[in-house]
Amino acid sequence: MDAYERITRNTSEVVTAEEVRALSESPEGKRAYVGYEPSGVLHIGHMLTANKLIDLQETGFEVVILLADVHAYLNDKGTFEEIRATAEKMKQQFIAYGLDDSKTQFVLGSEYQLDEEYVLDLHALELETTVARAQRAMAEIQRGEHAKVSQMVYPLMQALDIEYLDLDLAVGGLDQRKVHMLAREELPSVGYGSRPALHTPILADLTTGVGKMSSSEGVTISMEDSTEDLEEKVNSAYCPPTADPEPDDAGNERENPVLQIFQYHVFPRFEEVRVERPEKYGGDLEYAGYAALEADLESGELHPADAKGALATYLDELVAPGRELL
Ligand code: NAL
């Protein structure tokens with residue numbers, strides 16, 4: 001796999017392919033970032049973007065993780081004290097998950113976002129951006145009836161951070177795309193350049209396959225789950241024998257979350273995946289890549305129950321180092 005393939009594998013969107021290809025030609029010393037609001041525990045959604053950071057580190061990128069304490073505050077996630085305690089815990093969990101400590105720079109947003117120069121640039125960006133534009137950028141990040149002024153400021157700060165952290169590439173889940181588009185369009189209006197972005201997929205709800213997996217509603221998988229938690233969650237997951245399930249009765253699109261987790265979490269981190277099966281059901285199966293596992297599930301060679309058993313085992317291995325921090 002060449003650097004460009006490694007950088008862009010398992011992404012939903014590359015903005016733009018030409019710009020990312022240019023970066024992939026000399027990744028040494030280039031800086032990529034992801035920002036996270038410190039809240040709750042490290043979960044499988046954070047881990048998905050972290051897998052992309054690991055890809056980037058392995059091609060030579062320096063990786064910056066912004067622990068966005070001020071953003072979490074603006075998004076009503078608690079007091080500064082609570083948010084900073086969570087940020088410290090998340091940092092430890094990222095390292096336990098497998099980010100190379102010596103090549104990862106952790107930055108707290110408040111380290112620079114309260115500086116005079118930053119605040120004045122923010123106000124300049126506020127002057128350039130319509131309320132409608134800022135609101136649209138936040139639609140996927142914050143839902144709710146009565147938008148607060150803080151939610152307008154949030155995406156403008158996120159745009160400015162791309163400049164202030166001196167980044168070459170922005171990485172985020174697909175829910176960040178409108179903020180990154182705003183950044184590309186509006187940063188030049190205050191005299192800064194725009195940057196390329198990579199967007200990773202959003203996992204589907206684990207038990208229904210409909211809509212997004214969410215840490216605030218429904219079931220998620222976290223770096224603090226016990227082996228039993230994982231077995232129980234994966235066992236009750238939606239897993240029809242296909243990668244392309246029919247819509248539900250209300251016409252909502254559905255995904256197969258078990259296959260998504262194999263694709264975005266298991267195969268990127270394990271070279272070979274083994275599904276253990278008793279001899280009488282055909283014995284163990286081995287896969288060197290995701291496509292072969294998907295094909296076997298489609299053909300009936302691999303039963304969903306056996307796929308789930310293997311998934312719980314691999315997730316347990318990914319989560320175990322986080323659990324040890326407890
Ligand atoms: C991501 C978030 C917050 C601030 C950022 C600043 C710069 C780059 C990325 C950032 C968190 C993200 C979320 N908006 O929804 O989790």
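Modeller: Some ground rules come before the questions. Residues are numbered from 1 along each chain as its sequence is written, and side-chain values use heavy atoms, with hydrogens and water left out. Because the model is predicted, local features need pLDDT of at least 70 and side-chain atom pairs count only at pLDDT 80 or more, while totals for chains, interfaces and linings use all residues.

Biologist: What makes strand 2 and strand 5 a pair?

Modeller: Two strands pair if DSSP finds at least two bridges between them. Strand 2 (residues 31–36) and strand 5 (residues 169–173) have two bridges, in the parallel sense. Ala32 is bridged to Leu169, and Tyr33 to Ala170. Strands here are DSSP runs of E with at least two residues, and helices are runs of H or I with at least four, numbered from the N terminus.

Biologist: How do you know that strand 5 and strand 6 pair?

Modeller: Four bridges join strand 5 to strand 6 (residues 197–200), and the two run parallel. The definition asks for at least two bridges, so they pair.

Biologist: Why are strand 1 and strand 4 at the edges?

Modeller: The open sheet has six strands in the order 1-6-5-2-3-4, with mixed pairing. Strand 1 (13–15) and strand 4 (104–108) each have a single partner strand, so one side of each is left without a neighbour in the sheet. On average, neighbouring strands are turned by 20° against each other, direction ignored. Helix 5 (residues 80–97) packs on this sheet, touching strand 2, strand 3 (62–67) and strand 4. Touching rests on contact, meaning heavy atoms within 4.5 Å. The direction of helix 5 makes about 170° with that of strand 4. Such angles run from 0 to 180 degrees between N-to-C directions, with axes fitted to C-alpha atoms, for helices over the stretch in contact.

Biologist: Why is strand 5 called largely enclosed?

Modeller: Buried means under 20% relative accessible area, exposed over 50%, partly exposed in between (1.4 Å probe, protein chains only). Five of the five residues of strand 5 are buried, so the rest of the structure largely encloses it.

Biologist: What makes Asp69 and Arg84 a salt bridge?

Modeller: A salt bridge needs a side-chain nitrogen of Lys or Arg within 4 Å of a carboxyl oxygen of Asp or Glu. For Asp69 and Arg84 the closest N and O atoms are 3.2 Å apart, so the pair qualifies. This pair links distant parts of the chain, with Asp69 in helix 4 (residues 69–74) and Arg84 in helix 5, 15 residues apart. Asp69 is buried at 0% relative accessible area, whereas Arg84 is partly exposed at 38%.

Biologist: How do you know that Asp55 and Lys52 are about one helical turn apart?

Modeller: They are three residues apart in helix 3 (residues 44–58). An α-helix has 3.6 residues a turn, so residues three or four places apart point the same way. Asp55 and Lys52 form a salt bridge with closest N and O atoms 3.0 Å apart. Both are buried.

Biologist: What makes Asp316 and Thr227 a polar contact?

Modeller: A polar contact is a pair of N or O atoms within 3.5 Å; within protein, one must be able to donate a hydrogen and the other to accept it, and residues adjacent in sequence count only if both atoms are side-chain atoms. The side chains of Asp316 and Thr227 are joined at 2.9 Å.

Biologist: Why is helix 11 called mostly covered?

Modeller: In helix 11 (residues 257–266), nine of its 10 residues are buried. Among them are Leu259, Phe262 and Tyr264. The cover includes helix 3, helix 5, strand 7 (273–275), helix 12 (290–299) and helix 13.
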